[in-house]
Amino acid sequence: MTSRVTRTQVVIVGAGPAGLLLGQLLQRASIDAIVLERRSAGYVLGRIRAGVLEQGTVQVLEHAGVAERLHAEGIRHDGVEIGFRGRRHRIALHALAGRSVTVYGQTEITRDLMEARAASGAPSVYEAEDVALHDITSGAPRVTYVHEGELHEISCDFVAGCDGYHGVCRSSIPADKLATYERVYPFGWLGVLADVPPPWNELIYANSERGFALASLRSATRVRCYVQCPLEDRVEQWSDARFWDEFRRRMGEGIADAVVNAPSIEKSIAPLRSFVVEPLRYGPLFLAGDAAHIVPPTGAKGLNLAVSDVFYLHEALRDYYRGRSERALDDYSVRCLRRIWRAERFSWWMTRQLHQFPGDAFARKMQETELEYLFESEAAQKSMAENYVGLPLERAT
Ligand code: FAD
Ligand code: DHB
């Protein structure tokens, strides 16, 4: 196979929100980057994932110049509700923590970023197969890939590993150079998207005897709902009728009645995992987003963490290319990990309080006690609100 050779400053592996946002931030800082994505753009846009943005995330998207549609279509939420034993308890996010969250789908952010990148003429390669990293620590790193049957090679200064949990970048680092921390939960989330006006004004996280359920939304005409399900379940086992019946039992009739006949337009199962690798750097290779860490979705933190990693990484690369110093590159991992571990803690806490852990009667008692305390104590609510709206991003030093 012949090989075409090019050169750039940064190769970004992965065109999820982390990779595309980094591309956009670098483009605005006049740093050249090529984005390599294994899938087609249509496939990436078809993945339904996150929906809740922290204020800090909105600010980064503004800074990147891609927040126009977000401001027009995003929905501000000042509170969330927790359902427990047939009652709902509101956590007044804005009143308690001084900040709100914005409901705007990850798919929409991805679309906005793809359009901005296409408009700027910055290069992206979709359906890039067999992406491989070479000579990482040699001082002259290279990335190869195959596109339309042809082998390509890019020489670069840095590689940004934004290729998610199953990507190639993290596994290119020798195992003895990384410490791994992991917790796998014994259940998954089955999610359904449906075109029906949401009968709830704010998200409802329900802890029911039958398992967790979440009522969320994407717009004034579209709901996103989840139920906890066994890990081994397959989507085919869940007809729409079965899903809505289960959702209704967990959420309560008053809430669910208005949505139960809506046909699904997407249905998928996601496993739950807590996962962190340290450090996030190996020579010129920097990991960001799900490539470096996974949170269970209960705290709505995964996308927000990907955005804060990338914000720190673009600042570090900008400082480097402006000839200031390598200090921010050296600090990148430590700076990200402070935020990552706080989000890991909160996501783990939310997951423990809201799901059924079969066969663990002690855990159930702790859960009941914790939730009763949360509903009675303003201090506990404030702590939850502060974490849910997101801790502020550290400004550059
Ligand atoms: P990804 O989105 O996984 O993108 C990585 C990209 O790299 C992919 O496009 C992939 O195709 C590509 N890639 C992989 N391997 C290669 C390779 N070898 N070569 C080239 N490209 C490659 N987070 C929140 O903040 N709030 C929420 O409300 C929320 N809800 C969620 C609900 C669900 C059901 C799920 C599953 C996740 C949720 N998340 C949420 C998490 C959030 O979606 C992820 O954290 C986010 O997608 C991470 O972005 P990323 O760009 O790091 O990784
Ligand atoms: C959504 C997903 C989450 O994980 C969450 O905590 C809240 C909302 C969503 O997809 O809308």
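Start by selecting Glu246 and Arg210: their side chains meet in a salt bridge, 2.9 Å from N to O. A salt bridge here is a side-chain nitrogen of Lys or Arg within 4 Å of a carboxyl oxygen of Asp or Glu. The pair links distant parts of the chain, 36 residues apart. Glu246 sits in helix α7 (residues 240-251), Arg210 in the loop between β15 (204-208) and β16 (211-219). Helices (H or I, at least four residues) and strands (E, at least two) are DSSP runs, numbered from the N terminus. Glu246 counts as buried at 10% relative accessibility, and Arg210 as partly exposed at 43%. Buried means under 20% relative accessible area, exposed over 50%, partly exposed in between (1.4 Å probe, protein chains only).

This is a predicted model: local features need pLDDT of at least 70, side-chain atom pairs pLDDT 80 or more, while totals for chains, interfaces and linings use all residues. Residues are numbered from 1 along each chain as its sequence is written, chains are lettered from A and ligands numbered from 1 in the order written, and side-chain values use heavy atoms, without hydrogens and water.

Next, select Glu73 and Arg69. Their side chains form a salt bridge at 3.2 Å, N to O. Both lie in helix α4 (residues 68-73), four residues apart, about one turn of the helix. Glu73 is partly exposed at 45%; Arg69 is partly exposed at 23%.

Move to Arg318 and Asp319, whose side chains meet in a salt bridge at 3.8 Å, N to O. Arg318 is buried at 17%, and Asp319 is buried at 13%.

Last, select Arg85, Glu209, Arg364, Lys365, Glu368 and Glu372: salt bridges that share partners join these residues into one network.
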